[in-house]
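Me: I have a new model open and would like to learn how to read it. Can we go through it feature by feature?

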Amino acid sequence: MSFFVPPTPRRPWGHRLFFPAAALYAALSVPLWVAGYFGWLGIGWTPALHAHEMLMGYALAVVGGFLLTRPSRSALGLAFLAWLAGRVAVLGGLPPPIAAPLALAYPVVLFVVAGVPFLRAAKSGHNTLFGPVIGAFALAEALAWWGGDGGRTGALFALHLVGILMLVMGGRIIPSATAGEVRRQGGTLVERVQPRLEWAGAAGAILAALTVAAGNWPWPVPWIGAAGAMVAGLTAWARLARWRTDAVLRRPDLWSLHLGYGWLGLGWLFLGIERLDPLAGGAAWHVMGAGALGTLAASMMVRATLQREALPPDFPRPATAAVALVSLAAALRVAAASTAPEWLMPAAALAWAMAHLLVLWILLRVPKRLWV
């Protein structure tokens, strides 16, 4: 049986399954982690496990929803069952010889079902990049289990991979959507893709990720990784500055993407600092993981769902509130790294959970178009 058959009628779309699963998982797992962290529940989740699940669980579910646009029913079912089995294996505390293969299954299936077709169909270097990055999540999972440091290296590598996807995909989606709004207002968005900045940022981000995967090498490897991350962050901000944010302030579906890309630039800069001098309380991780990933994912899950169901991308008010709550959660969590964690961490978890429950509510209420 081949997963690469031509589209046929009544082909299910992955966003209908993976986006609600991602939103629900995010809404439940973060409050449970915080409750376990403060000893309110007897959950023995480590910080590395929490990071692992936010990346390999939540983030990769969002990625699956984006990439599995028209899979066969068997491919979609296999991918979702693999994702679900990985979550049960990790959170259920199964023995590593059992849990590791189960956790590894979803990244491998996602690469086979989504990454390989990217490699086959890619006609530009930009699109060719997606296949290897998707495949590299399997390496991140392997490092999490067999990296020898409790999963930290694997999670950090996965965070860099997610950052690369947001950098490149956001760098195409955001200016394209913004250009349409600027054109509607009678103007022209001159600076769109900005290929030189795009390639410089992607190269810096890839370099930073590779130095993480290389392990604890002595000087100058950490400095090289830090420089790459800094380049990624600065180029992200340089591109965003030319995308006419002022023109989309009345479009929550668009300014939320600009906000998320701003978080992304800051996240890469923080990751650069983290390589040289780890920040207390996981501040760098949460700028990227909660701020950039949370904001962009919440916005894009709603926006992509509306578009794929042939509806206008106009945000309902709960979606705008969800995006604002995610950014608030990220800001509170980053602040908790240095002050009043006993108050700010639960507040951040509450805001995060409320945001994703709103996203889930919106996704479940969107009218479904006929299979096409």
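Me: What covers the buried residues of H4?
Reply: Keep in mind that this is a predicted model. The cover includes four helices: H1 (15-37), H2 (47-67), H3 (73-91) and H6 (130-146).

Me: Which residues of H4 are buried?
Reply: Start with the general idea. An α-helix has 3.6 residues a turn, so residues three or four places apart point the same way. Now the case here. The buried residues of H4 are Ala99, Ala100, Ala103, Tyr106, Pro107, Val109, Leu110, Val113, Ala114, Gly115 and Val116.

Me: How many residues does H4 have, and what does it span?
Reply: Helix H4 runs over residues 96-121 and has 26 residues. From its first C-alpha to its last it reaches 37 Å. That is close to the 38 Å expected at 1.5 Å a residue.

Me: Where does H4 bend?
Reply: Look at valine 112. H4 bends there by about 40°.

Me: Tyr106 was on your buried list. Which aromatic cluster is Tyr106 part of?
Reply: Tyr106 forms one aromatic cluster with Phe18, Tyr25, Phe80 and Trp83.

Me: How do I read a pair of aromatic rings?
Reply: A pair is described by the distance of the centres and the angle of the planes. The structure holds 10 aromatic pairs. One of them joins phenylalanine 38 and tryptophan 40. Their centres are 5.2 Å apart, with 20° between the planes. This pair counts as stacked because its planes are under 30 degrees apart.

Me: Is tryptophan 40 buried or exposed?
Reply: Tryptophan 40 counts as exposed, at 54% relative accessibility.

Me: Now the backbone. Where is there a cis peptide bond?
Reply: Go to tryptophan 219 and proline 220. A cis peptide bond joins them, with omega about 10°. Proline 220 sits in the loop between helix H8 (195-213) and helix H9 (221-240).

Me: What is phi of glutamine 194?
Reply: Phi there is near 55°, a positive value in a residue other than glycine. Glutamine 194 lies in the loop between helix H7 (152-184) and H8. At 7% relative accessibility, glutamine 194 is buried.

Me: And what is phi of alanine 340?
Reply: Alanine 340 has phi near 45°, again a positive value in a residue other than glycine. Find alanine 340 in the loop between helix H12 (317-336) and helix H13 (341-365). Alanine 340 is partly exposed, with a relative accessible area of 28%.

Note on methods: Residues are numbered from 1 along each chain as its sequence is written. This is a predicted model: local features need pLDDT of at least 70, side-chain atom pairs count only at pLDDT 80 or more; totals for chains, interfaces and linings use all residues. Side-chain values use heavy atoms; hydrogens and water are left out. Rings of Phe, Tyr and Trp (its six-membered ring) pair if their centres lie within 6.5 Å; planes under 30 degrees apart count as stacked, over 60 as edge-to-face and the rest as tilted. Buried means under 20% relative accessible area, exposed over 50%, partly exposed in between (1.4 Å probe, protein chains only). Helices (H or I, at least four residues) and strands (E, at least two) are DSSP runs, numbered from the N terminus. The expected span of a helix is 1.5 Å times one less than its number of residues. The bend at a residue is the angle between axes fitted to the seven residues ending there and the seven starting there. Contact means heavy atoms within 4.5 Å.
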